[in-house]
Amino acid sequence: MTVLPKPLAPHQPSSRSAHVRTRLVVTVLLVLAALVAIYLLGSGDVQVSPGNAIRAVFGAGDPADVLAVQQWRLPRVLSALLVGAMLGVAGAIFQSLTRNPLGSPDIIGFNTGAYTGALVVLLVTGSSAPLGVTAGALLGGLGTAVAVYLLAYRQGVQGFRLIIVGIALSAMLTAANSWLILKAELPQAIGAAQWGAGSLNDATWGSTLGVCVAAAVLLAPCLWATRPLRQLELGDDLAAALGLRVEPARRALLVLGVLLTAVSAASYGPIAFVALAAPQLARRLTSASGAGLGAAAAMGALVLLASDGLAQRLVTGGTLPAGVVTVCVGGLYLVWLLFREARRT
Amino acid sequence: MLTAALAALLVVCVLSIAIGENLIGPAAVLRGLFAPPGSIEHNIVWASRVPRTVVGLVVGLALALAGGVIQALTRNPLADPGILGVNAGAAFVVAIGIAVLGVDRPIGYVWFALVGAAVTTVAVYAIGGGRGRATPVRLTLAGVALGAVLAGITQGITLLNPRAFDEFRAWSAGTLAGRYLDTVWQVLPFVVLGALLVAVLPRNLNGMAMGEDTATALGINVGRTRAGAVLAVTLLAGAATALAGPIAFVGLMVPHLARWLVGADQRWILAVSAVGGPMLVLLADVIGRVIIRPDEMPVSIVAAFVGAPVLIALVRRKGASGL
């Protein structure tokens with residue numbers, strides 16, 4: 001990596017150089033993601049050279065290559081890229097809204113609730129039909145998010161109250177989840193825990209198309225989101241003075257963040273840590289002070305894609321969920337960045 | 001206030017000794033406590049009830065104090081004792097103990113958990129910058145990052161090994177059941193040492209709450225305070241986790257409640273937490289024993305269900321303040 005992280009101390013570089021730097025970082029991240037994607041498209045049981053892999057994506061070349069690349073690998077790679085980007089943006093939105101580096105969609109309980117919903121379907125009703133699990137996850141996640149918002153509402157939703165209500169409700173659901181896991185038969189419990197870690201093993205064109213549509217619909221409003229986010233970071237009063245209608249804006253941003261998370265949880269299970277780590281990593285590379293949605297998206301895409309590739313190769317047979325690796329990869333990278341930062345200052 | 005809280009704690013203690021598989025009245029509890037060895041009452045009270053109550057007291061005290069210190073240190077309302085990686089480290093080493101070394105008794109986990117907690121916190125502290133450089137934000141992020149890595153590996157280990165998964169899911173739902181006094185004696189020195197450290201910290205923590213520069217101006221050694229606080233959290237939370245497994249919510253919730261009750265002075269927050277922690281743990285344990293008889297619900301699960309509604313109700317009140 002040629003881009004060096006800057007100290008965490010919230011210094012404000014002149015806005016032009018910060019802009020250039022952010023653009024550079026986003027470009028480098030996207031190029032890296034593209035390289036990893038091409039590698040992943042080409043490697044596996046059927047080896048395809050990078051050039052042929054790119055041709056095969058567009059349906060040209062050896063039919064066997066086209067089958068492997070287009071039908072087997074492309075959906076998974078696309079899903080990883082898009083879901084990673086959406087999680088990165090969701091995390092950036094939540095961290096900025098709560099002004100807390102630990103802020104992630106998880107504080108509003110979405111993933112925990114989604115896990116509860118899926119566990120109820122998997123372990124209590126005993127069905128493992130993907131559609132049922134998806135519905136359970138969505139219902140559980142959205143229900144929890146709405147409950148957290150309503151319980152935190154009191155003439156507006158203030159960041160601190162949202163955090164406390166979120167962790168309280170999440171703690172209850174986590175307890176319920178571990179009780180369900182504890183009381184289930186061992187094989188079912190392991191299967192459920194695997195779903196809970198988040199895995200791209202079941203990525204098909206069907207699920208991937210859904211993700212593509214969701215990404216198109218949800219990532220477009222994010223272009224609008226940057227401005228109100230910046231204003232809210234200044235504090236409610238100042239944001240209002242700048243002409244922002246604080247509560248509606250915050251509600252819209254929360255809904256956006258929750259929906260971005262929901263796509264991932266509903267399609268592939270709650271993939272952990274991307275939403276938390278990607279914005280932090282991106283911020284350290286760009287040394288920007290605020291929410292960099294674009295950089296967070298690019299970082300999220302790269303982290304999830306690389307993690308999923310690793311998960312497939314570390315343990316053959318595809319039993320290792322990508323979510324287990326995202327946690328390790330994202331975590332180790334963050335550890336390394338922090339370590340360097342600490343040595344420099 | 002503190003007197004009332006102590007009295008309430010005493011009542012909960014008596015309840016915790018009295019209520020169980022067979023109910024014994026408060027008078028019988030007293031008789032059992034002082035009955036000569038060998039009598040039935042003595043056996044019930046001393047062999048099964050008292051050890052559990054003692055474990056609950058120690059665990060609750062340790063978790064609540066650790067939570068109070070870590071919230072004061074990081075000034076982050078999301079911070080719990082687990083934020084320095086204590087739980088993740090303990091769980092990681094326990095998972096290795098189960099999967100690789102084949103340890104299969106709760107007593108065997110104690111030292112694994114302690115070592116895991118200690119090593120992880122030292123690593124987090126070093127990554128966060130060590131003495132003098134570890135800002136609260138960096139310490140928090142380092143703990144979360146390393147904790148996540150360890151949790152991920154733990155998850156990987158257990159997902160690929162059904163036997164380890166089975167053992168681990170039992171350990172990871174923290175419980176007071178099946179712990180004996182010898183285990184308490186093993187970890188008690190750590191708790192005492194941690195509590196003593198906490199006893200000398202509050203004045204400095206109060207100063208640090210005003211920001212590091214102000215603290216320095218007040219003559220507080222910021223680096224040393226931070227190191228002491230991290231050490232105290234490790235000792236307390238590590239010991240509690242070793243004793244009962246991870247109990248997440250107590251250390252997070254009790255200091256918040258204490259702060260809303262008594263204001264921003266760390267001395268009072270920690271004092272009230274020291275009473276409130278054991279109370280929540282023991283109460284949750286008693287409820288867990290009776291709620292689904294003859295089965296038992298682990299204390300960590302009940303504590304979340306008892307504590308969370310209280311926390312939500314209180315944060316909706318007007319005076320609930322941030323850090």
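This is a predicted model: local features need pLDDT of at least 70, side-chain atom pairs count only at pLDDT 80 or more; totals for chains, interfaces and linings use all residues.

User: Which element gives the most to the side of chain A that touches chain B?

Analyst: In the contact between the chains, 44 residues of chain A meet 44 residues of chain B. On the side of chain A, the elements that give two or more residues are α6 (159-183), α7 (186-197) and α14 (322-344) of chain A. With 16 residues, the element that gives the most to this side is α6(A).

User: How many residues of the side of chain A that touches chain B are nonpolar, polar and charged?

Analyst: The side of chain A in question is formed by 44 residues in contact with chain B. Divided by kind, the residues on this side of chain A are two charged, eight polar and 34 nonpolar.

User: Are α12(B) and α14(B) roughly parallel or roughly antiparallel to each other?

Analyst: The axes of α12 (residues 249-262) and α14 (residues 299-316) of chain B come within 10 Å and cross at roughly 30 degrees. The contact includes F249(B) and W260(B) of α12(B), as well as G307(B) and L311(B) of α14(B). Because angles under 35 degrees count as such, α12(B) and α14(B) are roughly parallel.

User: How many of the 13 residues of α12(A) are buried?

Analyst: Helix α12 of chain A covers residues 274-286 and reaches 18 Å from its first C-alpha to its last, close to the 18 Å expected. The helix α12(A) is largely enclosed by the rest of the structure, because its buried residues number 13 of the 13.

Key. Residues are numbered from 1 along each chain as its sequence is written. Chains are lettered from A and ligands numbered from 1 in the order in which they are written. Two residues are in contact if their C-beta atoms, placed from the backbone, lie within 7 Å. Helices (H or I, at least four residues) and strands (E, at least two) are DSSP runs, numbered from the N terminus. Ala, Val, Leu, Ile, Met, Phe, Trp, Tyr, Cys and Pro count as nonpolar, Asp, Glu, Lys and Arg as charged, and the others, Gly among them, as polar. Axes are lines fitted to C-alpha atoms, for helices over the stretch in contact, and angles run from 0 to 180 degrees between N-to-C directions. Angles under 35 degrees count as roughly parallel, over 145 as roughly antiparallel, 65 to 115 as roughly perpendicular and the rest as oblique. The expected span of a helix is 1.5 Å times one less than its number of residues. A residue is buried if 20 or more other C-beta atoms lie within 10 Å of its own, exposed if 12 or fewer, and partly exposed in between; C-beta atoms are placed from the backbone.
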